[in-house]
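Me: I would like to learn how to read the features of a structure like the one below. Please take them one at a time.

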Amino acid sequence: MEEINRFLKPLECFAKDQLETHTLGFEVYFRRDKFILMLKSLKNIKQLDSNPKSNYHYYLCKFLIKCKLL
């Protein structure tokens with residue numbers, strides 16, 4: 001997981017306009033229980049997703065279940 005994090009930070013800086021970057025970031029932060037960083041990824045997914053009911057809704061539900069809010 002540490003190696004993934006080492007590659008994720010530059011990816012978020014240089015490919016911040018790619019939806020896949022933020023979905024990958026969400027998955028990494030989800031597995032590491034980093035809630036604030038998951039929210040940051042969710043915000044970026046919402047901004048970049050052309051169909052907001054597809055990826056955004058899926059990751060939002062995952063986040064809410066992880067936080068035990070749903």
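Me: In which helix does Phe7 lie?

Reply: Helices (H or I, at least four residues) and strands (E, at least two) are DSSP runs, numbered from the N terminus. Phe7 lies in helix α1, residues 2-14. Some ground rules: this is a predicted model, where local features need pLDDT of at least 70 and side-chain atom pairs count only at pLDDT 80 or more, while totals for chains, interfaces and linings use all residues. Residues are numbered from 1 along each chain as its sequence is written, and side-chain values use heavy atoms, with hydrogens and water left out.

Me: Is Phe7 buried or exposed?

Reply: Buried means under 20% relative accessible area, exposed over 50%, and partly exposed in between (1.4 Å probe, protein chains only). Phe7 has a relative accessible area of 55%, so Phe7 is exposed. Asn5 is also found in helix α1, but counts as buried because its relative accessibility is 18%.

Me: Which residues does Asn5 touch?

Reply: Contact means heavy atoms within 4.5 Å. Not counting residues up to four places away in sequence, Asn5 touches Tyr29 and Arg32.

Me: How is a pair of aromatic rings described?

Reply: By the distance of the centres and the angle of the planes. Rings of Phe, Tyr and Trp (its six-membered ring) pair if their centres lie within 6.5 Å; planes under 30 degrees apart count as stacked, over 60 as edge-to-face and the rest as tilted. The count here comes to 4 aromatic pairs. One of them, Phe26 with Phe30, is stacked, at 6.0 Å centre to centre and 25° between the planes. Both residues lie in helix α2 (residues 19-32), 4 residues apart, about one turn of the helix. Phe26 and Phe30 are both buried.

Me: Which charged ends sit over the ring of Phe30?

Reply: A charge sits over a ring if NZ of Lys or CZ of Arg is within 6 Å of the ring centre and within 35 degrees of the ring normal. For Phe30, the charged end of Lys62 is 4.6 Å from the ring centre, and that of Lys66 is 4.5 Å from it.

Me: How many salt bridges are there?

Reply: A salt bridge is a side-chain nitrogen of Lys or Arg within 4 Å of a carboxyl oxygen of Asp or Glu. The count comes to 2. Lys62 and Glu27 meet in one of them, at 2.9 Å from N to O. This pair links distant parts of the chain, Lys62 being in helix α4 and Glu27 in helix α2, 35 residues apart. Asp33 and Lys66 also form a salt bridge, with their closest N and O atoms 2.7 Å apart. Asp33 lies in the loop between α2 and α3 and Lys66 in helix α4, so the pair ties together parts 33 residues apart in sequence.

Me: Is Glu27 buried or exposed?

Reply: Glu27 is buried, with a relative accessible area of 16%. Asp33 is partly exposed at 43%, and Lys66 is partly exposed at 26%.
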